[in-house]
Amino acid sequence: MRSAALHDLLLVGAHQSDQLNDVHGQQENNRRELDALSARVAALTQSAQRQPDQANTAVPRAESIAPVPDREFAALLADARRAYPHVRHPARLLPAALHVQAIGRHQELKTAVCQSRVLNRTEVVVSGFAGLLSAIVSAVCVDVPKHPGWLGGKPEAGGPLSNWVKDQINAALPDAARRNWERASWVPYDASHSGGLSNPVVGLSPNSHRFQSLGHDPLVGLIIGVRDLMLGQFTAIDKMGNVVVNQIGPGVGFWEALLTFVVHLASDVTTTRGLPVPLMPLLQFVQVGSFGKQGYTVADISRQMYRSGYDLRHGVAMALPVLLTEVLVRTFYLFEQLRAGKTLKEALPLTQPKLRRMLLIAHGVAAAGNAGKVILTRNPLAINAPQWVALAGYAIPEATWQLWGKNQAVQRLIDEDFEVFDALYRQQEGPQGTFRL
């Protein structure tokens, strides 16, 4: 129901209420005048020392009152608008008691909406525990796989979970098969240096060419890489954050480009440098910041992180503690719903508001633990990117709900209330849309 229609009904109702109050006031005045007149008649009768005649004291028989004619709502609205030409909101015409009732009803609806997301103590504790366990696993077991060291430092053994994941992925694709796939999926954006390029790419080297080539990003490459294959181009980001495009050769059709893109990525996963973490190459555009004695920018640090082993295989290892959080919280929620008497279909932990809030708490605790690890070690390689992505995935909808969604949900319930009122109103309508006063 549109607010304009509600305003019209409020305006008409307020006008009719005022008219009824006027009639009631006039009746009270008439009654007081009649009582005064009766008292004077009684006084005159006593002074004349005679009893008043029964006929004179009898209350006159009330004459029948003609029924109020039916009127169109448009006519009632026109009268109301003429009576209140300067009223911006008709609710201001209603009695204070109605305002109090409306506010009370609004609070009831708001409580009902918010109650679906309120967590009890057990749910908060379980969420916090799941996040804490994930943070511990991430801090102890996840670290960039064995590498020479950050910024030329001493070699590091890497995290046990990260090393294990890297070994398992490498074992899944033997070198002989990888080379065959690589030969069968040549791409124009695989140059490892600027030699032979018409437009040199500053900073392009064998250690960073997959990080600087946008076609090697597992997500960005779905657009840029496939496009490069179709056009025969090489799109890269140079050390200064500029996009450089080179024409390499003829292009191919869409489906051939898509298949070549997928096979080439698979052949690069197990190379020494591997593939970059999805979307991380875009940090090369962030040419700001001054970190360390050398004054590195965010772009510089991201490129050096990749060269130190922060690749897609490490991204899989970082995602495992995040997956652990999801499994623990969702399993607890499933059994809680089943214990409450819900069916398996109703209890499935999919997108319920309370479940999302539990996951937000769990991932918030895990992300806080990861932030503590980064601060204590002062090592950007300790950043768990999937953990922060997961936190953002739950925090943004929660913030949106708090800012707008909650009020919209309450408004929907108010609209439902008004629809009930409107249905009752229409039941009182006379023929052809007239309303009986």
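The second largest pocket is lined by 18 residues, and those nearest its centre are Met-280, Leu-283, Met-305, Ile-383 and Ala-385. Its volume is about 500 Å³. The structure is a predicted model, in which local features need pLDDT of at least 70 and side-chain atom pairs count only at pLDDT 80 or more, while totals for chains, interfaces and linings use all residues. Residues are numbered from 1 along each chain as its sequence is written, and side-chain values use heavy atoms, with hydrogens and water left out.

**Pocket and cavity**

- Helices H11 and H15 each contribute at least two residues to the lining of the second largest pocket.
- A pocket is an open set of points on a 1 Å grid over the protein atoms alone, with protein on both sides within 12 Å along at least five of seven lines; a cavity is a set of points where a 1.4 Å probe fits but cannot get out, and lining residues have an atom within 4 Å of a point.
- Grid points are joined across faces, edges and corners, and a volume is the space filled by probe spheres set on the points.
- Rolling a probe the size of a water molecule over the atoms shows where empty space is left.
- One cavity of 30 Å³ or more turns up in a search of the whole structure.
- The largest cavity has a volume of about 40 Å³.
- The lining of the largest cavity includes Ser-138, Asp-143, His-314, Asn-370 and Ile-383.
- Ile-383 is also among the residues nearest the centre of the second largest pocket.
- Helix H12 (312-339) and H14 each supply at least two residues of the cavity lining.

**Overall make-up**

- The protein has 15 helices and four strands, where helices (H or I, at least four residues) and strands (E, at least two) are DSSP runs numbered from the N terminus.
- Of its 437 residues, 35% count as buried; buried means under 20% relative accessible area, exposed over 50%, and partly exposed in between (1.4 Å probe, protein chains only).
- Among contacts with a separation of 6 or more, 69% are between residues 24 or more positions apart, a contact being heavy atoms within 4.5 Å.
- Accessible areas come from the Shrake-Rupley method with a 1.4 Å probe, and for residues only the protein chains shown count as cover.

**Nonpolar surface patch**

- Leu-219, Leu-222, Ile-223, Val-243, Val-245, Leu-279, Leu-282 and Phe-285 make a nonpolar surface patch of about 690 Å².
- Patches are made of residues with over 30% relative accessible area and no salt bridge; like charges are joined within 9 Å, and nonpolar side chains (Val, Leu, Ile, Met, Phe, Trp, Tyr) within 5 Å.
- Val-243, one of the patch residues, is in strand E3 (residues 243-247).
- Leu-279, also in the patch, is partly exposed at a relative accessible area of 43%.

**Loop residues with positive phi**

- Leu-279 is in the loop between helix H10 (254-268) and helix H11 (298-307).
- The phi of Leu-279 is near 75 degrees, a positive value in a residue other than glycine.
- Arg-378 is not a glycine either, yet has a positive phi of about 55 degrees.
- The loop that holds Arg-378 runs between helix H14 (353-377) and helix H15 (385-427).
- Arg-378 counts as exposed, at 76% relative accessibility.

**Salt bridges**

- Side chains of opposite charge can pair when their charged atoms come close.
- The protein has twelve salt bridges, a salt bridge being a side-chain nitrogen of Lys or Arg within 4 Å of a carboxyl oxygen of Asp or Glu.
- Arg-303 and Asp-300 form a salt bridge, with their closest N and O atoms 2.9 Å apart.
- Arg-303 and Asp-300 are three residues apart in helix H11, so about one helical turn separates them.
- Arg-303 is buried at 4% relative accessibility, and Asp-300 is buried at 14%.
- Glu-28 and Arg-31 meet in a salt bridge (3.1 Å, N to O), and both lie in helix H1 (residues 3-47), three residues apart.
- Glu-28 is partly exposed at 25% relative accessible area, and Arg-31 is partly exposed at 41%.
- Glu-336 and Arg-339 also pair in a salt bridge (3.1 Å, N to O), three residues apart in helix H12.
- Arg-339 counts as exposed, at 66% relative accessibility.
- Salt bridges that share partners join Glu-28, Arg-31 and Asp-35 into one network.
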